Amino acid sequence: MESELQTRTAYHEAGHAVLAVLQGAEIESLSIELDWEDAGRERFGATRVRWPDDAWSEREVAIREVKIALAGPVAEMIYDGNQYEPEMLHAWQEDWDMAVERAGDYLPKSQSLAEYLSRITYELIRFFERSDVWATVAALADQLEAHEALGAEEVAVVMEAWPIV
């Protein structure tokens, strides 16, 4: 079971990373680590993103970060073939919290946060189901699972080898 959890976590983090690169960010590092002892957590993954200086306004960065936060859960849902399973929501709590926080920074009060996040999630599902996008996510997840950590150069090599058109 540990191997399956590691694979799901790799797809989750690869989803964050692929969308971050496509949103104009650079991946500083990407890692997965299973930790069965740490405060009851089953897994841990990290995608460290760096934004170019002054490329976008704070609002534009927030919009991009909402999508990136939701991209990990979406990639994992597609990998698993399940969407919105209640037991998965706890594992994704940090991602949902980040999306809510960043969306709340700029979303007009008249717009429903739940509707906005649902719309973004649906758009991401459709995007990740494209064969070129999914091939890139899978290639990055494979590399991440094999090495457990990737730097900026390794991520760039995968992204260049699997172009998204």
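**Reading helix packing and strand pairing**

Modeller: Helix α4 (residues 93-104) and helix α5 (residues 113-128) pack at an angle of about 120 degrees, their axes lying 11 Å apart. This is a predicted model, in which local features need pLDDT of at least 70 and side-chain atom pairs count only at pLDDT 80 or more, whereas totals for chains, interfaces and linings use all residues. Residues are numbered from 1 along each chain as its sequence is written, and side-chain values use heavy atoms, with hydrogens and water left out.

Colleague: Which residues make the contact of α4 with α5?

Modeller: Contact means heavy atoms within 4.5 Å; here W96, A99, V100 and A103 of α4 meet L113, Y116, L117 and T121 of α5.

Colleague: Which strands pair with β1?

Modeller: Helices (H or I, at least four residues) and strands (E, at least two) are DSSP runs, numbered from the N terminus, and two strands pair if DSSP finds at least two bridges between them. Strand β1 (residues 26-33) runs antiparallel to strand β2 (residues 44-50), joined by seven bridges, with L30 partnered by T47 in β2. With strand β3 (residues 149-151), β1 pairs in the antiparallel sense over three bridges, and S31 stands opposite A149 of β3.

Definitions and conventions:
Axes are lines fitted to C-alpha atoms, for helices over the stretch in contact, and angles run from 0 to 180 degrees between N-to-C directions.
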